[in-house]
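Q: Can you walk me through this one? Start with the pockets, please.
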Amino acid sequence: MISQKEKKFEGIYNDLVELIGARKVSNKIVDLLSYSHDYWPITLFWLLEGKVPSLPDVVVFPEKTEDVVKVVRYAYENDVPLYPYGGGTGVLGGAVPEYGGIVIDLKKMRKIQIFEEDLIVEVEAGVNGMLLETHLNKKGFTLGHFPQSLYSSTVGGWISTKAIGQFSTKYGGIENMLIGLEVVVPPGEILHFKPNPRAAVGPDLKGLFIEAEGMLGIITRAYLRIWPYPEKRILMSFISDTLADALEAVKNILRRGAKPAVIRIYDKVETRKWFHMIKRAKGKVGTIIILEGDSILVEAEKHIVEEEFKDAIPTGEEPAKYWLEKRFDVKELPEFLPLGIVIDTIEVSVPWSKAVDLYNDVINAMRNVEGTLIAFAHASHFYPQGVCFYFIFGGIPPKEKSPLDYYREIWNATMRATLRNGGSISHHHGIGRMRAMWIAEDLGKSIFTFLKKIKSAVDEKNIMNRGNMGV
Ligand SMILES: Cc1cc2nc3c(=O)[nH]c(=O)nc-3n(C[C@H](O)[C@H](O)[C@H](O)COP(=O)(O)OP(=O)(O)OC[C@H]3O[C@@H](n4cnc5c(N)ncnc54)[C@H](O)[C@@H]3O)c2cc1C
């Protein structure tokens, strides 16, 4: 677990001012404090207790790739840790400047260029998600990437955490959108992977930077696939008797090749929230489906969905409308933490054959941790091969336990249950500093060793996001 390290880097502020200009460098305490954490609940606990998670020495705000090159070169030559920072919405401490040094915030790099005929958008890494989508919509396109953090996360952060959006069943995760990349690696070199629909020119090295969480280089630019803005949208919902019934229906929809943009299956507890307007949904499992795209295709998909949900009760558009309205509301964490209530979310993935067992095991594991008041889940992302479960827990730690003890215990119980049921410990939030202790077990020893070899080959001085992912 990380703690404040005292190491300071003398003269770093003046050096960086000289290199890239005073406007782009800050050592104001308010900035250092703002960049001492991301959205990891542990750092929020610390802040609430008046403890500073981990102060950087300076924060830099590059405006172009050349600025990034200069900063990386400086960090390399002077052995200073460097932490890329996008929106700071990462939930696992991936952007926490554990060893001090330089935080490099990419948000001033925000140019966007659309190549309409090629259906490609070129974006600088600091572009905010909502601004990108709005810009595309005005020109008649969509990226189709809607993480719940859309309003505050960046393109560089999405790639670095392998993010996925709510419309993923149709548009895929960020890895399916990424077809070109620019990244600055130590000791200060630019790698430019040009965009092409597909290329077979050696191993896919740009893939190394997807979910690398800033430990190999700094992403400065991306080329993403875009789509014409959908012509038609259809909202549907159903209630089923059991989670297994709803999962089975969705599995069959995907097997038939239909790709609803949004599918969300809520367990019996969470159905109460999203289907509150449907009285007969009590005690049932609610599913929301949103189809969008070309009207002929969407009508055909609607037909398939109705056939596969024939044993469920259709409940109309209301639940899906309500979800569309509320899907970006995120106030629980800042509201509940100060009251001493510990809450968090944990997402994992699993093949269909093990899905129900994993769900039951994780929910039981969470409920068995002393202090847990509530544990529930929805299935949020789907593939012909399996599913992502998004677990949510809330609890009040018993007297003898600190909130942190309780938090660690419930995370450990969830990770253990996931691993013993053949799941992957993360579907889209990544590893960061929170999941670092389970990464080797999930990947296996030889892959983890291989990852470490890549890290030390690319970043021999270990300046890039030192301490992250446990690598
Ligand atoms: C309320 C809420 C809802 C969320 N919903 C979703 C969701 O629906 N789907 C989802 O996938 N995630 C979700 N997340 C998690 C988070 O938003 C994503 O991980 C997002 O991709 C992080 O982007 P960011 O710009 O905020 O990155 P940051 O938090 O700033 O950084 C994340 C990691 O990427 C590295 N990094 C950032 N920029 C760069 C760069 N340019 N080059 C190299 N490394 C970089 C950082 O060092 C860090 O390790 C949610 C988070 C919150 C708080």
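Q: How much space lies in the second largest pocket?
A: About 960 Å³. This is a predicted model, where local features need pLDDT of at least 70, side-chain atom pairs count only at pLDDT 80 or more, and totals for chains, interfaces and linings use all residues. Residues are numbered from 1 along each chain as its sequence is written, and side-chain values use heavy atoms, without hydrogens and water.

Q: Which residues are closest to the centre of that pocket?
A: Lys162, Ile210, Glu211, Ser426 and His427, out of 41 lining residues. A pocket here is an open set of points on a 1 Å grid where a 1.4 Å probe fits, with protein on both sides within 12 Å along at least five of seven lines; lining residues have an atom within 4 Å of a point.

Q: Which elements give two or more residues to the lining?
A: Helices H7 (168-171), H8 (174-177), H16 (436-443) and H17 (445-458), plus E17. Helices (H or I, at least four residues) and strands (E, at least two) are DSSP runs.

Q: New topic. What is the strand order in the open sheet?
A: E15-E12-E14-E13-E17-E18-E16, with antiparallel pairing. Strands pair if DSSP finds at least two bridges between them.

Q: Why is one side of E15 and of E16 left without a neighbour?
A: E15 (313-314) and E16 (342-351) stand at the edges, each with a single partner strand, so one side of each has no neighbour in the sheet.

Q: How many bridges join E13 to E17?
A: Two, between residues 262-266 and 372-383. Tyr266 has His378 as its bridge partner in E17.

Methods:
Points joined across faces, edges and corners; volume = space filled by probe spheres on them.
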